[in-house]
There are 2 protein chains.
Amino acid sequence: MSALRLEDIAKKAGVSRSTVSRVINNQPNVSDSVRKKVLEVINLTGFSPNAAARTLVSQRSNTIGLVLPHSVSTFFTDPYYPHLIKGISQACNHYDFTLALFVAGTKEYQEKLLPRLSSKGFLDGVILQSGHHADQSLILDLKQTNLPLLVAGRPLNEEEVCFIDIDNVAAAEKAVRHLIINGRKRIATITGPLTSTVGLDRMNGYRNAIGGSSQKLIDDFIQESDFTEIGGYKAMNKLLELQPDAIFAASDMMAIGAIRAIRDSGREVPKDIAVVGFDDLPIPAVNELQLTTIRQPVVQFGFKAVETLIELIENDSPIVKKVLMDTELIVRKSCGFIKNNDW
Amino acid sequence: MSALRLEDIAKKAGVSRSTVSRVINNQPNVSDSVRKKVLEVINLTGFSPNAAARTLVSQRSNTIGLVLPHSVSTFFTDPYYPHLIKGISQACNHYDFTLALFVAGTKEYQEKLLPRLSSKGFLDGVILQSGHHADQSLILDLKQTNLPLLVAGRPLNEEEVCFIDIDNVAAAEKAVRHLIINGRKRIATITGPLTSTVGLDRMNGYRNAIGGSSQKLIDDFIQESDFTEIGGYKAMNKLLELQPDAIFAASDMMAIGAIRAIRDSGREVPKDIAVVGFDDLPIPAVNELQLTTIRQPVVQFGFKAVETLIELIENDSPIVKKVLMDTELIVRKSCGFIKNNDW
DNA sequence: CTGAAAGCGCTTACAG
DNA sequence: CTGAAAGCGCTTACAG
């Protein structure tokens with residue numbers, strides 16, 4: 001069941017190696033009767049061709065790498081990543097690719113990664129999950145290997161690197177506009193780390209929405225935080241002094257922390273302060289709190305990332321692709337308004 | 001930087017292919033001066049050997065697969081998996097292996113997996129995360145491929161398959177004994193699904209502890225649940241009618257749900273009902289609730305799993321290995337006792 | 001439609 | 001210590 005080679009199948013089927021190869025690769029130019037006989041032998045023996053030999057001659061491994069750099073320290077706590085991996089896995093399976101996973105737990109590990117990633121005959125392409133300041137040099141290194149590279153998350157420096165992201169600016173804008181349209185006058189925001197493009201873009205969406213309205217942009221209404229629940233709690237406590245009547249939190253976890261802080265201060269959501277979050281991953285608390293939020297299509301995002309990378313692999317001209325995916329505002333109760341998804 | 005072959009390096013260094021190969025593979029029998037010159041050329045050119053060619057001739061890919069079968073539906077919500085992957089990644093990096101990840105989102109996907117997993121020249125071995133009833137046939141199929149196979153989690157049918165697990169029985173026993181020793185008289189348990197060995201083993205630990213004491217084993221004190229918070233909540237509500245004074249929950253998430261149910265009923269933890277959980281993953285709630293629990297070394301577990309698989313790969317005699325790892329009781333406040341880690 | 005032959009880029013006895 | 005040669009198991013022009 002294992003030491004079989006193309007040669008052996010050929011002998012048993014009474015044909016040549018070439019013909020067996022053609023059958024296996026579903027090529028035309030094989031008579032039906034021969035094809036049938038070969039297929040029979042293959043099924044009988046359980047033969048499957050040697051992947052390394054195939055890769056060597058075809059220069060294609062049908063394997064892609066997913067790199068989670070050191071900056072992604074929330075890999076172990078944020079439910080975002082399993083969902084991302086789910087989408088990527090699904091797409092890999094669909095397109096008959098295999099996924100190699102590289103988790104750079106430490107800086108040192110990350111440095112050991114590059115030679116392995118770039119060794120020829122191993123990966124057809126790489127998805128780098130990023131969007132963080134600290135990954136600029138990694139992106140450059142990866143680019144230098146000439147491997148097809150797709151960054152998942154908008155990189156700080158966009159030039160000449162392909163990336164896929166959700167449209168964070170538009171999404172945040174949509175969320176904040178929802179608060180404005182429905183009468184909130186003192187809208188504050190809790191941002192993610194401003195060392196990352198996710199953090200920056202969602203903040204800029206807030207800025208755009210406020211700037212595009214009759215309201216004044218107040219710098220103190222912008223509190224930087226870290227995407228965690230406890231971070232949201234702390235940021236909210238600071239914001240409370242400014243008496244906001246609405247909060248746009250750049251992640252659901254921070255929104256949850258903010259709601260806790262609001263309640264601890266004796267105020268009510270949404271009566272005193274409306275809250276809108278971001279993510280809408282299936283976390284129990286999101287539903288429990290009836291959180292209005294931006295739903296980002298994480299699984300589809302992962303799927304699309306693989307599709308985009310495959311395009312890059314197939315298309316060896318050095319095209320620069322930028323893909324932005326849309327999001328959806330999910331109106332629940334925390335923003336204080338009835339359902340209104342039409343924009 | 002990419003189209004380079006061994007041949008090219010050899011030419012530039014003025015030696016033969018064989019010699020360059022020896023240098024790259026750190027073999028002896030190369031004079032220092034020649035080695036130095038070759039190394040120089042390699043560094044200068046940034047050459048790295050073609051992985052497929054190496055694999056083809058050496059019959060080793062230095063890649064292992066991690067399979068998360070369909071039964072692992074909690075992959076997307078349970079923080080256990082990212083931590084497991086962390087440990088596995090660390091070990092892979094340490095031993096210069098690459099990790100290929102196979103997430104079987106659906107049954108159909110799972111079936112498409114087998115041919116890919118078993119194709120020669122691709123994986124040196126496989127870790128199957130399991131312990132569920134439904135995976136028996138997958139284990140058998142995988143065994144038939146003759147790939148070195150390590151099951152992570154005790155399989156239902158242990159014969160002739162290598163596995164690694166934590167000692168769930170001993171751990172649960174330890175947890176329940178802690179409650180007994182400290183005076184609780186009506187100790188109930190909320191189990192995981194009894195279709196999985198994790199669920200079964202932790203229940204049996206409970207049985208052992210109660211059986212080994214002067215207390216009576218009461219079947220109604222055993223409530224089957226599903227490892228989730230809401231499951232724990234529901235199970236606890238049923239148990240409350242029986243007026244237990246302590247609960248051993250087979251996961252922290254269930255313990256959290258149980259505590260919520262206890263409080264909702266107007267009772268106090270630990271005064272009225274002591275609670276001990278299982279896992280001690282870094283979830284904020286565990287600390288917040290001061291949950292006494294069994295700490296399982298997930299990251300180390302993943303690391304050890306890789307080490308064990310590598311042994312299996314290196315040692316091609318068909319040895320059957322069974323590895324059980326120890327756990328630690330972490331005493332916090334939910335069990336109602338002061339710190340006492342000495343057992 | 002089919003087969004013989006070359007070649008993908010390495011490693012590894014073998015001979016010296 | 002070093003090199004020439006065979007071979008790992010495939011795919012793919014090429015010729016027929």
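**A tour of the contact between chains A and B**

Select both chains: 42 residues of chain A are in contact with 41 residues of chain B, where contact requires C-beta atoms, placed from the backbone, to lie within 7 Å. The model is predicted: local features need pLDDT of at least 70, side-chain atom pairs count only at pLDDT 80 or more, and totals for chains, interfaces and linings use all residues. Residues are numbered from 1 along each chain as its sequence is written, and chains are lettered from A and ligands numbered from 1 in the order in which they are written.

Next, colour the side of chain A that touches chain B. At least two residues each come from α4 (51-58), α5 (80-94), β2 (98-103), α6 (107-118) and α10 (229-240) of chain A; helices (H or I, at least four residues) and strands (E, at least two) are DSSP runs, numbered from the N terminus. The largest share, 8 residues, belongs to α5(A).

Now select residues 98-103 in chain B. This strand, β2(B), runs antiparallel to β2(A), and 3 bridges join them; pairing requires at least two bridges found by DSSP. Look there for A:Ala100, which stands opposite B:Ala100.

Move to α10(B), residues 229-240. Its buried residues (20 or more other C-beta atoms within 10 Å of their own, C-beta atoms being placed from the backbone) include B:Tyr233, B:Met236 and B:Leu239. What do the buried residues of α10(B) pack against? They meet α12 (284-288) of chain A, together with β6 (187-191), β7 (222-224), β8 (246-249) and α11 (252-264) of chain B.

Finally, select B:Val275, which touches B:Ile247, B:Ala258 and B:Leu291, among others, not counting residues up to four places away in sequence.

Methods. Two residues are in contact if their C-beta atoms, placed from the backbone, lie within 7 Å. The expected span of a helix is 1.5 Å times one less than its number of residues. A residue is buried if 20 or more other C-beta atoms lie within 10 Å of its own, exposed if 12 or fewer, and partly exposed in between; C-beta atoms are placed from the backbone.
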